[in-house]
Amino acid sequence: EGMACGKMVLCDRLKESKKLHELFKEGEEIVFYDDIVDCITKMNKYNEDNVERERIASNGFKKVLENHTQKQRVEFIIEKYNEWKS
């Protein structure tokens, strides 16, 4: 949702099984943190670096519009349902 609003997303690094890292490129479309210290460090970094923050936010926004809209999700579900049904 943050990316869909054109904002940079700073997210805790989820388990690999969640596959978030496969959807979005770290440092290009999203920023992950490992612990509270890393989170605060990155919050401060991107708060001060407007250019880099906006670059990542823009990349994330584009990625969401290209691949992760509600319409695309519904089409994917219908496609999988039709595959299952056949």
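Predicted model: local features only at pLDDT ≥ 70, side-chain atom pairs only at ≥ 80, totals over all residues.
**Confidence first**

pLDDT is the predictor's confidence in each residue, from 0 to 100. Helices here are DSSP runs of H or I with at least four residues, strands are E runs of at least two, and both are numbered from the N terminus. Over the protein, pLDDT averages 93, and 100% of the residues score at least 70.

Residues are numbered from 1 along each chain as its sequence is written, and side-chain values use heavy atoms, with hydrogens and water left out.

**α2 against α3**

How do α2 and α3 pack, at what angle? I find helix α2 (residues 36-48) and helix α3 (residues 50-67) at an angle of about 100°, with axes 5 Å apart. That makes α2 roughly perpendicular to α3; the classes are roughly parallel under 35 degrees, roughly antiparallel over 145, roughly perpendicular from 65 to 115, and oblique for the rest. Axes are lines fitted to C-alpha atoms, for helices over the stretch in contact, and angles run from 0 to 180 degrees between N-to-C directions.

On the α2 side, Y46, N47 and E48 make the contact (heavy atoms within 4.5 Å), and on the α3 side N50, E52, R53 and I56 do. I sorted these residues into two nonpolar, two polar and three charged. In that scheme Ala, Val, Leu, Ile, Met, Phe, Trp, Tyr, Cys and Pro are nonpolar, Asp, Glu, Lys and Arg are charged, and the others, Gly among them, are polar.

**D38**

D38 sits in helix α2. Buried or exposed? D38 counts as buried, because its relative accessibility is 17%; buried is under 20% relative accessible area, exposed over 50%, partly exposed in between (1.4 Å probe, protein chains only). A polar atom of the D38 side chain is 2.8 Å from the backbone nitrogen of D34. Leaving aside neighbours within four places in sequence, D38 contacts F32 and Y33.

**E29**

Next I went to the loop between α1 and β2 (31-33), where E29 lies. At 9% relative accessibility, E29 is also buried. Its side chain reaches the backbone nitrogen of K25 at 2.7 Å. The E29 side chain also makes a polar contact with the side chain of K63, at 3.4 Å. A polar contact is a pair of N or O atoms within 3.5 Å; within protein, one must be able to donate a hydrogen and the other to accept it, and residues adjacent in sequence count only if both atoms are side-chain atoms. Not counting residues up to four places away in sequence, E29 touches several residues, including M3, L23, F24 and I56.

**K19**

K19 is in the loop between β1 (10-12) and α1. I noted a positive phi of about 60° there, although K19 is not a glycine. Most residues other than glycine have a negative phi. K19 is partly exposed at 44%.

N67 belongs to helix α3 and is partly exposed at 35%. Beyond four places in sequence, N67 touches Q72 and R73.

T69 is in the loop between α3 and α4 (70-85).
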